[in-house]
Amino acid sequence: MFKTTDDFKKNDTVEVLDSIMGSHKTTKILEWMDDNPNVKYIYVSPLLTEVEEGGRIHTNLKKVSFETPTNDNGSKSDSFLELLKEGNNVACTHSLYLGMTSEHFNLIAKHGYTVIIDEELDVIESFDKYSISDLEWLYDNGIVGISEVDGMVSWIGDRNLINESHKYYTLLCYCDAKALYTAKRSNSMMVTQLPVRLFECARRVIILTYMFKGNILDSFLKLKGIKSVPFTEVEVVSKSKSNIRNLITLIPPNSKLINYSMSSSWYKNKATSTNISDISKYIRNTCVSLKCEAVDVAWCVPKDRVVKTNRSNKSLIAPKGYTKTSGGEHCYLSAMMRATNLYRHKKVMIHCYDRYPHISVTSYLQDFGVAVDNQVFALSELLQWAWRGCIRDDQPMTLAIGSKRMYNLFKEWLEKDDE
């Protein structure tokens with residue numbers, strides 16, 4: 001009889017290679033895999049370009065070969081499953097890894113896979129697809145219940161009339177997947193969580209990241225009783241803060257922006273057209289003063305202040321001459337961009353977004369006994385974004401930060417000596 005993950009010894013530890021961007025974490029882990037070719041691997045990257053044919057995982061390895069799931073004969077999830085059944089090494093994206101089922105988990109446990117996760121996964125996210133009145137109706141009518149142990153939301157009402165077109169079908173699916181949870185302080189503050197079996201089913205889990213301690217993944221793993229220890233089997237390239245200080249020209253907020261919050265809620269609820277215009281001017285004036293071309297520039301703000309959504313009359317950030325390059329590429333670069341080398345030619349990075357974890361996420365974690373360090377989150381997000389630019393290749397780069405809080409966090413980090 002085929003064993004399930006419950007029949008195998010559950011992994012209760014993740015190994016973390018915590019090192020600054022540009023210290024060649026990915027290169028070193030690929031070399032380590034080549035030195036251990038008899039291990040079965042799943043390599044997980046946020047970028048399809050890293051794992052598809054022609055990506056680093058295929059071209060930089062000599063002794064280990066990887067297969068990438070395709071949708072040639074069905075879904076990528078089905079292809080992933082077939083590759084696991086055959087015991088292949090598999091390279092996939094974060095999104096595909098997060099969609100695994102019990103069948104995937106059982107095969108990972110059976111074959112004793114080592115899972116390598118390049119950059120942190122979004123293991124817990126806010127869930128706001130329903131209004132407070134919708135949720136109150138579900139609670140008041142005994143349709144859903146909440147576990148006092150961990151806040152998990154369960155569907156306990158009649159489900160006979162719930163089909164794919166029903167208003168609450170999505171919520172029912174999350175309940176059935178045991179993926180929906182609510183904070184203690186308010187049963188309308190909901191989050192979705194990944195199954196902890198993603199970590200428990202593997203023989204080893206190795207995470208490549210920077211500033212892990214105090215961040216969301218660290219807090220989530222603590223909540224689930226999974227320990228984290230350093231991964232010490234590779235030696236990354238040392239990056240000196242003094243060298244970084246010599247390479248970065250730091251530009252602060254101007255006299256107008258220094259009084260603007262620039263958080264997502266500020267952009268959504270409080271920012272006026274004048275505020276938005278001031279931010280556009282800050283981006284443009286920075287570029288003009290540096291006499292740079294659009295191709296040299298990347299800037300970030302919340303996406304909904306760049307892309308006009310249906311029925312939205314919000315003013316948009318549009319710095320004249322620096323919205324697109326002559327080749328039609330956008331100068332806007334999402335604040336959540338990770339792990340890519342596609343922007344390493346950018347000489348000017350302009351960050352105008354004060355980053356915080358979603359309030360539902362921090363509330364849930366705090367209510368169940370673990371806290372996220374908001375400053376660690378904000379700084380790590382800023383650093384990951386800034387290091388998409390040419391600083392990752394040890395080239396001089398200008399970094400302009402429009403948010404006073406984010407500027408101060410970065411300046412303090414930059415001035416602190418290496419530990």
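**Figure 1. M262 in the loop between strand 12 and helix 12.** M262 is found in the loop that runs between strand 12 (248-251) and helix 12 (264-269) of this predicted model. The backbone at M262 has a positive phi of about 70°, although the residue is not a glycine. With a relative accessibility of 0%, M262 counts as buried, because the cut-off for that class is under 20%. M262 is also among the residues in contact with D354, which is the subject of the next view.

**Figure 2. D354 and the residues around it.** D354 lies in the loop between strand 14 (348-351) and helix 14 (359-367), and with a relative accessible area of 6% the residue is buried. When its neighbours within four places in sequence are left aside, D354 is in contact with S261, M262, S263 and S264, and also with S403, R405 and M406. For one of these residues, R405, a polar contact of 2.5 Å joins its side chain to the side chain of D354.

**Figure 3. K291 in the loop between helix 13 and strand 13.** K291 has its place in the loop between helix 13 (273-289) and strand 13 (297-300). Phi of K291 is near 55°, which is a positive value in a residue other than glycine. K291 is exposed, because its relative accessible area of 76% is over the 50% that the term requires. In the view of M262, by contrast, the residue with positive phi is a buried one.

**Figure 4. The whole protein, as the setting for the close-up views.** The protein has 16 helices and 15 strands. Its radius of gyration is 23 Å, close to the 22 Å that the globule rule gives for 419 residues, so the protein is as compact as a globular protein of that length. Taken along the principal axes, the box that the C-alpha atoms fill is roughly 70 × 60 × 45 Å. Of the 419 residues, 53% count as buried, and D354 and M262 are among the buried residues. Among the contacts with a separation of 6 or more, 76% are accounted for by residues 24 or more positions apart.

Methods. Residues are numbered from 1 along each chain as its sequence is written. This is a predicted model: local features need pLDDT of at least 70, side-chain atom pairs count only at pLDDT 80 or more; totals for chains, interfaces and linings use all residues. Side-chain values use heavy atoms; hydrogens and water are left out. Helices (H or I, at least four residues) and strands (E, at least two) are DSSP runs, numbered from the N terminus. Buried means under 20% relative accessible area, exposed over 50%, partly exposed in between (1.4 Å probe, protein chains only). A polar contact is a pair of N or O atoms within 3.5 Å; within protein, one must be able to donate a hydrogen and the other to accept it, and residues adjacent in sequence count only if both atoms are side-chain atoms. Contact means heavy atoms within 4.5 Å. The radius of gyration is taken over C-alpha atoms; the globule rule is 2.2 Å times the number of residues to the power 0.38.
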